Amino acid sequence: MKRGFMLAAALSCAAALVMGCSRDASGDRAAQPVLGFSQIGAESEWRTANTASIKSSLAKAGIQLRFSDAQQKQENQIKALRSFIAQRVDLIAFSPVVESGWETVLREAKAANIPVILTDRAVDVSDDSLYVTLIGSDFVEEGRKAGRWLLQDTPAGSGEVRIVELQGTVGSAPAIDRMEGFHEVIDKDPRFKVVRSQSGDFTRAKGKEVMEAFLKAESSKIDVLFAHNDDMAIGAIQAIEEAGLKPGKDIKIVSIDGVRGAFKAMEAGKLNATIECNPLIGDQLVDAVKAVLEKRPLPKRILVEEGVFTQDQAAAALPGRKY
Ligand code: GZL
């Protein structure tokens, strides 16, 4: 009897080792794998949808989630990652608020043999073995798509096109890359000139505040607003209306994300185009977690597919939008 019990215990422990399950409070092997997730915050409709997708997919997959909201502060994310390491979770995943400053804590995770998956945004590290994979969009291409939309929307032979730009969070991968992609396209055409560019930190409130400042400071006409996300564009729309101008007409607006609020603004004629940036990556994260636990190889980069939506498509597309 004793021998049988010992054998069963040994087999279950071996199974747990293979599945990579962590220890629960009593130090016994927990039944479910445990993932520590550090989310940037709840700064935008996009982020809220991203969090909902991750929580729902992990719950469906039976992966235990320890979730932390960093309120857009890097120091809170680093604290959360260190806490996950101390808890000896099976994996860590996070969306890094900015690209730099992660080397030390990622080395601590590596030293603890805890694999790290990046979601949404990239990190700038000297050794890319510090993370398993990055699941997210191609932000440079999103910036190019915004530039291409503007070129095709501008009549041939038009005069100078004066652009103001609401940047995302300073130092974040989407802000850096979207600006790069946008300029890669518009800088080829001398008519286009970015006359003001400042961060609105991806939020509606800051987007409105910075747009108000642009409108007050700019003596000459502003023709176009390029916003790195829809939430800042929606805030800017309020500022443009309060200045007595017509958003979408007096000032054309192109932004990025493709959230429901952007489709409603396009339906109202106040936004001209939104470049989709899909936040619904929960299932892709689950697939990556399972691959890591089962020691299957993963590509360093897992891309998310997305499109471009314009005003004329808004009404038909809105009912089917999932975020
Ligand atoms: C993009 C994501 C950005 C969104 C914003 O993948 O990191 O952060 O564009 C969000 O809406 O705040």
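How far apart do the C-alpha centres of domain 1 and domain 2 lie? They lie 30 Å apart in this predicted model, where local features need pLDDT of at least 70, side-chain atom pairs count only at pLDDT 80 or more, and totals for chains, interfaces and linings use all residues. Residues are numbered from 1 along each chain as its sequence is written, and side-chain values use heavy atoms, with hydrogens and water left out.

**Domains**
- Domain 1 covers 31-137 + 279-305, and domain 2 covers 139-277; the bounds come from an automatic or database domain assignment.

**Interface between the domains**
- In contact (heavy atoms within 4.5 Å) are 13 residues of domain 1 and 21 residues of domain 2.
- The two domains bury about 1,300 Å² between them, with 50% of it on carbon and sulfur atoms; buried area is the accessible area (1.4 Å probe) that two parts lose on being put together, summed over both.
- Of the area that domain 1 buries against domain 2, Glu45, Trp46 and Ser137 supply 40%, more than any other three residues.

- The rule finds 1 salt bridge across the interface, a salt bridge being a side-chain nitrogen of Lys or Arg within 4 Å of a carboxyl oxygen of Asp or Glu.
- Glu45 forms a salt bridge with Arg204, and their closest N and O atoms are 2.6 Å apart.

**Ligand site**
- Around the ligand are 13 residues, of which Glu43, Asp120, Arg121, Arg178 and Asp257 come nearest; a residue is near if one of its heavy atoms lies within 4 Å.
- Polar side-chain atoms lie 2.6 Å from a ligand oxygen atom for Glu43, 2.7 Å for Arg121 and 2.6 Å for Asp257.

Note on methods:
Polar contact = N/O pair within 3.5 Å; in protein donor to acceptor, adjacent residues only side chain to side chain.
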